[in-house]
Each structure stands twice: as C-alpha cells, then as structure tokens.
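Please look over the following structure before reading on. The briefing below takes it topic by topic, starting with a question.

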Amino acid sequence: VSTDDLLAGTYHLCWCQPYGNISCNESTHFLMTFQEVTMKCPEHWANYNGDGSCLSCGFCLDSSDDGNACVVDVIESLYAAVSILLGVLGTWMLLESVSISGGRIIGRKIL
C-alpha cells in the first residue's frame, strides 16, 4: 500500500500470530491492534465530506488542525491584500505621471 492509495482517516495496525488453522490470510484473523495511525490531508487540503477524500481549500485558506475543514490563513490573506493595494497604488501613480499631448507621450518623474 502506498500513501497515494490511502484516504484520510484513522487506521488500526493489527497483528496476527499463525497457529492451528489460523493462517493470518483473512482480515478477521487480525484481532490484536498494536498501533493507530491517522492519515491527514496535506496542507491547504481538507476532508470536507468525511469520506477520506482530500479537496483543495483554495486561495488564502488553510486546512484546520484536524484536516477536516478549511480556515482563513490570516497571514496569507494580509499578504494578498497588501500586494493588491500596492499594485493598485503603483498603477494609479504610473497613470497619473503619464499623459498624451499632441500625439506624444509626456511623463514626469515620480520619485
């Protein structure tokens, strides 16, 4: 089994000791649990439906600690907002400094 084949969820690792007519070739033979393993969705992915399938959280969202929901990533959201604001301001300043007069582009130094 590879990790690509596993769905998000809790798995029980079980043990079976062959004896008598028990050959440990059926799931009902493995009755002794010795470890639990929880597979979570990768970062920015969540198990929305609880069926083990991981779906993308999308932009500015991150998976919750249990991996079953998406939550707002505050730092990434602030970074995106500041980037957009600076892009808009930069474009506005550029457009303010350039004009067309008599078929010529005239500009002025901003800084």
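Is His-29 buried or exposed? In this predicted model, His-29 has a relative accessible area of 16%, and because the limit for a buried residue is under 20%, His-29 is buried.

**Surroundings of His-29**
- His-29 sits in the loop that runs between β1 and β2, and, once neighbours within four places in sequence are left aside, its contacts are Trp-15, Cys-16, Ile-22, Ser-23 and Cys-24.
- Two of these contacts, Cys-16 and Cys-24, are joined to each other by a disulfide whose sulfur atoms lie 1.9 Å apart.
- The link of Cys-16 and Cys-24 is left-handed, with -80° about the S-S bond, and both of these cysteines are buried.

**Disulfides and the remaining cysteine**
- The model has 3 disulfides, and when the bonded cysteines are numbered in sequence order the pairing reads 1-2, 3-4, 5-6.
- Cys-41 is bonded to Cys-54 with an S to S distance of 2.2 Å, and the torsion about this S-S bond is about -85°, so the disulfide is left-handed.
- Because Cys-41 lies in the loop between β2 and β3 (45–46) and Cys-54 in the loop between β3 and β4 (55–56), this pair ties together parts that are 13 residues apart in sequence.
- Cys-41 counts as buried at 10% relative accessibility, whereas Cys-54 is partly exposed, with a relative accessible area of 27%.
- Cys-57 and Cys-70 also form a disulfide, with their sulfur atoms 2.0 Å apart, and a torsion of about -80° about the S-S bond makes it left-handed.
- This pair links distant parts of the chain, since Cys-57 is in the loop between β4 and β5 and Cys-70 is in strand β6, 13 residues apart.
- Cys-57 counts as buried at 7% relative accessibility, while Cys-70, at 22%, counts as partly exposed.
- Cys-14 is partly exposed at 28% relative accessibility, and its sulfur is 9.9 Å from the closest cysteine sulfur, that of Cys-16, which is too far for a bond.

**Nonpolar surface patch**
- Leu-7, Tyr-11, Leu-13, Trp-15, Met-32, Phe-34 and Val-37 form a nonpolar patch on the surface, which together has about 660 Å² of accessible area.
- β1 (9–15) and β2 (32–39) each supply at least two residues of this patch, whereas Leu-7 belongs to the segment before β1 and counts as partly exposed at 44% relative accessibility.

**Surroundings of Ser-64**
- Ser-64, in the loop between β5 (61–63) and β6 (70–72), counts as buried at 16% relative accessibility.
- Not counting residues up to four places away in sequence, Ser-64 touches Ala-69 and Val-71, and its C-alpha lies 8.7 Å from that of His-44, which is 20 residues away in sequence.

Terms used: Residues numbered from 1 in each chain as written. Predicted model: local features only at pLDDT ≥ 70, side-chain atom pairs only at ≥ 80, totals over all residues. Heavy atoms only, no water. Helix = DSSP H or I, 4+ residues; strand = E, 2+ residues; numbered from the N terminus. Buried < 20%, exposed > 50% of the residue type's maximum accessible area, 1.4 Å probe, protein only. Contact = heavy atoms within 4.5 Å. Patch = residues over 30% accessible without salt bridge, like charges linked within 9 Å, V, L, I, M, F, W, Y side chains within 5 Å. Areas by Shrake-Rupley, 256 points an atom, 1.4 Å probe, with all protein chains shown as cover. Salt bridge = Lys/Arg side-chain N within 4 Å of Asp/Glu carboxyl O. Disulfide = S-S within 2.5 Å.
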